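Let's take a friendly walk through a protein model, starting from the inside.

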Amino acid sequence: MKAFSRRRFVGSSLAGSMLMPGLLSEMLAADSTDPLAPKAPHFPARAKSVIFLFMSGGVSHVDSFDPKPRLIADHGKQVTLDHPETRNRPGYEKLFLKRPDWKFRHRGESGIEVSDLFPHIGSQIDDITLIRSMHTSHSNHYNATLGMHTGSFAFARPSIGAWTSYGLGTENRNLPSFLVLAPQMPYAGTQVWSADFLPGSHQGTRVVPGAEPIANLKPRVADSGRQRLELDALKAFDEEHLSARHHDPALESRIRSFETAFGMQTEMPEALDLASETDDTLKLYGLQRGQSEGFGWQCLVARRLVERGVRFVELIHTGSSNNWDSHGNMADHGRLAPQVDQPIAGLIQDLKRKGLFDDVLVVWTTEFGRTPFNNTAENPGREHHDWAFSSFLAGAGVKRGHVHGATDDHGMRAAVDPVHVHDFHATILHLMGLDHTRLTYRHAGRDYRLTDVHGEVVRDILA
Amino acid sequence: MHSIARQSRKIWIWILAVAGMGHLRADDELFEKSIRPLLETRCVKCHGAETSKGGLRLDSKAGWQVGGDGGPAIEPGKPAESRLLLALKGEDGMTRMPPKEPLSTAEIEAISKWIAAGAHDPRVGGPVKLGGTTVDEARRWWAFQPLRQPQVPGNGQRNPIDAFLAVKLAEKGLEFAPKADRRTLIRRATYDLTGLPPKPEEVDAFLADTSPDAFAKVVDRLLSSPHYGERWGRHWLDLVRYADTAGENADFPLPHAWRYRNWVIEAFNRDMPYDTFLKEQLAGDILAAEGPADRYAEKVVATGYLAISRRFEHDSDQNMHLTYEDTIDTLGKSLMGLTIGCARCHDHKYDAITSRDYYSLYGIFASTKYAFPGCEAKPRPRDMVPLAAPAEWQSTIKPHLDELAAIDARMKSTAEKRKAHVQEAQARFEKARHVMSTGEISIDGEKSITDGQATVDVKAGEMILLSITPLKNHGADSTALDFEIAEIGGSGRTWNATKDLLNAFPNGNPAADSHGNADTWWLLDTRGGPGLMSEFVKDLSGKAGLNVWRSGETPSVFVNSSAAPVEVWTRLPARTLFVHPAPDGNVAIGWLSPITGKVNVSGKIRDAHAGGPDGVGWVLEHFASDVREPMIAQKSVSAEARDLIARKTELEKNAPNPDYAYAVIEGQPADARMHLRGDPKKQGDPVPRRWLEVFGGTTVANTKGSGRKELADWIASADNPLTARVMGNRIWLHHFGKGIVPTPNDFGTRGTPPTHPDLLDWLASEFLRNGWKIKPLHRLIMLSDAYRQSADPPAESSVTDPSNSLYSHFERRRLSAEEIRDTILAVSDKLDEEPAGPHPFPPSDQWRFTQHTPFATFYETSKRSIYLVQIRNRRHPFLGLFDGADPNATTPQRQTTAVPTQALFFLNDPFFHEQAAIVADRVLAEPPETRANALFRIVLQRQPSGKDRKFAAGFLDRYAPSSAKDPNPTTADRQAWATLARILMASNEFLFVE
């Protein structure tokens, strides 16, 4: 991956006009004052970067990745539960099991069952580790979304992407270390990618499709020659200022940041521009040529970003509305699934084709599952369910064609080898070469961790 | 204190008892042989010095006597009541211990017997603990020592600050760096005290002032500037995580929070003594009641400190335990440098703070009523605190209420007169009533009222009346009407209600027809008889041309007289007539015949509110009797009623409106129960409201109050060893870029001890000596040599003091986010220097915020950045980019990052480009030869050097070829100068203070 990026840099139009970014990143690596300089992991990493696919609103596990024959057999049976979403809720005094709306099939050589909601992902199941025993600590979108990103279900804390950036730095200084492709704002807003008390350099940078994917990315001085003149003059002026002073890393790193920004103006749009991709590749993601939005675009851009050395790329599907929150009717899952199914399957295939699958960890998750029951069996929707849901990992360092954990007969609770969000985080960090108990930051008298005081690495899924 | 006291007493008694024995007793032997090994091999790993899960330690007798979260672990003599035994058996809902491998039955039996025999335990074991430390260690902790008054070193010739610093410098053979030049110094001082650059004239004046106290005069001028409070108030707002939204899942706006923001600014400007400043923030509502009356409002506003605590989750009312944690955490860190919030779930791991301390403070805040901002589950805000004292408010409102009462009395008598007239009319009507047609329309229906067969003989003064009656609820809401009377024979005149009323509507009720006859059309509320409606509203709901006559909300008659449809509760087409019956009675339009002859009546009614609840009925009647006299009699009464209604409406509109603060008042006083492991569902013993045990644990004396007043006194006290030190350190920090204690929010064992402890204590003592006033400390600090030295260290100090911990030079700092934006606006001369008021939030009755669509609007302003809206769940894009304060947690010190996305701002941001272009215009207004001078003066507050001039000229030359192609040289010039302005405004010289 590294060699590939180098070649790009040398061949880039920037070479010759300025300090070559490829060299720049090496220079920066030597600079201990640069918070984004690459850092050695705690132990050899299995994954160099992460693509974190987040489905907002709560994807139903029993309709997608967690087949429950007993749920079909017991459809309409009354159950007695003390559930956070139905407790003391008028009209929810009686609860009835409710069968899935999609048929499950054995897929691939592993024969793992995936429903017809995600046929494309199902076709890649032999490259996936499916976790069917996820559970979380809150049944509200905002809090569960915050928890899935920061390990904290109420208070603002650094996001997993920020922790990763803090722990490992980044390879390519022409791009931020942590990028979030989020066409819409998620629940809990910018806290989802916040660095919070970590140094601000680790904060996620939001990328939106359209003319200006990052704020102020588009050169306002249309003529790049003029912008070069402007930057050269600024640099000369700053260096004159610096030469009259003793070494001060703050002044120096700010001078450098302009070169990086200049590079970013070119490199970022280039990373987002799919023009150089072949028809075959576009097809893999279900993209039309010229298409520059949609989850397929997000997925292919994610591949291009990890290729360029970005440490952590998060893709958010939908946002805080019009999402997977199918209270009213599960049929809405049928509208949303095709938006992500082929793109995700395409991403896995593409990473493999490009030889990146051993270096990149693909994480697919949502904030919680959906209830295997409702107040009538005929109610077409499902409610929020924090007791159990499904997530998956694929690529660097994880088993392929493997299922970890299980829910009980009705998909109600994570019953076998439960994996809490904290365990999930510990495992992702582990794959990045980071010990979640040692990745700490001293803030206000306390050593904070992504996993608070919890979390066990799920060793069973490690390849 | 009492739990320690209790515990010490027990230990003391035990020591006395054992001391008397002198030999190994049988019970000692039992303990040593069968109990100690069990405890040590099976329990102490999790319940000992290393970890004490659940707060329980079993490595000493004191450990189990005090017990963990659930209280004492052993009741000597009572195995069945001992929590330890219950846990070993896994009984009474307790998790069985040890969790991995329970004790054998025989082992449990041994422990049970031991407890039954009195649980003799010879282990004096370990010192008495207080949180994460021992009582002794806590007593010795540097920050808990009373303030000392250290001797100022040297001969008293130097500024004491310099004297203290010089000692350590001298140890390393160092001295202060040379003095900064004057332009650097005034720029430094102006930013430090006001957050703005000096004006070029101010620099000139300082450069020209040769008097020895020239700099002291500058400092005094800056301290009296209103911008001082905007800079130092911002430091405080950072600490108290000020925001304009509540922070719960839908992030509701706080329309009144700005008053607290402005109160803080004003308090700094007035140099309010810091103890008063704290007391008012903690207990201003209580102090306000003590007078004086003219300071009531501001004291109430001050408690915004507590009210702006963050709110949590979907229903923030149900999660106040998290809000109290936020209060306690922020209070501990911001006022005392203590991390008390850590003790919510367990005793502090390192500091002398117990979980009981936490819940004793918790009780104080739970006994306080916080203003409720609204949340998705309960969108209406409540419990805002009026700014007027109750008595004052009464005297303001009384004249208003009296006037209202007088109008109400007159309305009542008018209503009685009206009633008499209506009854008289009704009697006359009933005698001569002929029903011409009746019918109903269903939802969304439409019917003709007469089938065209309604010819009737009328005499002048008789009435034809069309009434619309409600069927079930409000009767199909709005009903459109056509109502026409045509003369048969005679002059063949027609009377069309819509046509006539569209024009005549505002003129009065009854209305004239289009043939010159007054009092032809009567709009009636027929509940109790044909009563004339008296209330007229023009442009209802702000919709031009939508006029209504009504009695209360309903019944009513509307016209949309405008040429376009209006959207209200439904879409009302252009130039149409509607009625709306009352739920309990009819609305009617009467035609008082101006002629004697034969007429034909026609018309139709139509449901005008699609999807309304149900249909309406109608009755068309002819009253064959002259009804003029009782009807006309209603006119004057009605006019009077109309006038009274108008006066009442006006009065209500101008009613004295109490302004509100987002603040707190006293609630229901009660001690809080412990939440075991921080879980509010697992309640433990109540803890009396009291002060921290390490400071004596005094309980709240007035148990009828929340205890905030006492808390304020304990904190804002000269005897509190932390308060003055913590604030003194902060003042130092914001001048020198780092604290004497480098962890300004943590003076505990996890923090970093002071680099110059004597200096810190001296500074804190000076602070107290000056009556807690802050401005004298600024003077003291800023007039020191340490403050006035250059930011460029002498060569030797970069080796000996590379991190500048000895203050061998001044510390260069990047401007804060607010300073950057304010400076950009200042140099473009577009900064509005006036303080700001409230944010333009939408009115609260329109709030529909949810977690799906939270409040998230950033309002633009050209005011100073402290007045920018701060949203908890969305960082302000600009402030977030440049390391602004975290609106969710106390920020003692800003970070400084240099990330490329910041550089992109200086390359491409439209606001930045726009301001630079304005600077260029300012410069271009000068003659060509002085333009470079003007640019440097405006942007950098200095004259350009020869090199600078060459640099500027060189740049313009290089830029010229590319702009020469530009057909308009003025534009080209402007572009070149704007670019040069951007370069200077993006430069390190601009961005850094030194």
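In this predicted model, the largest nonpolar core holds 299 residues, and Val362(A), Val939(B) and Ala981(B) are the ones that touch the most other members. Setting aside its neighbours within four places in sequence, Ala981(B) is in contact with Ala916(B), Val919(B), Ala920(B), Leu935(B) and Val939(B).

Next, look at where the two chains meet. Here 52 residues of chain A are in contact with 61 residues of chain B. On the chain B side, the elements that give two or more residues are helices H16 (320-336), H29 (900-908), H30 (910-924), H32 (946-964), H33 (969-985) and H34 (988-991). Which of these gives the largest share? H29(B) does, with eight residues. This table sorts the chain B side by class:

| Class of residue | Number on the side of chain B that touches chain A |
|---|---|
| Nonpolar | 22 residues |
| Polar | 23 residues |

Now for chain A as a whole. Chain A contains twelve helices and 20 strands. Its radius of gyration is 23 Å, close to the 23 Å from the globule rule for 463 residues, so chain A is as compact as a globular protein of that length. The C-alpha trace of chain A spans about 80 × 55 × 40 Å along its principal axes. Of its 463 residues, 58% count as buried. Among contacts in chain A with a separation of 6 or more, 75% are between residues 24 or more positions apart.

Note on methods. Residues numbered from 1 in each chain as written. Chains lettered and ligands numbered in written order. Predicted model: local features only at pLDDT ≥ 70, side-chain atom pairs only at ≥ 80, totals over all residues. Helix = DSSP H or I, 4+ residues; strand = E, 2+ residues; numbered from the N terminus. Rg over C-alpha atoms; globule rule 2.2 N^0.38 Å. Buried ≥ 20, exposed ≤ 12 C-beta atoms within 10 Å, placed from the backbone. Contact = placed C-beta atoms within 7 Å. Nonpolar A, V, L, I, M, F, W, Y, C, P; charged D, E, K, R; others polar. Core = buried A, V, L, I, M, F, W, Y, C linked by C-beta atoms within 7 Å.
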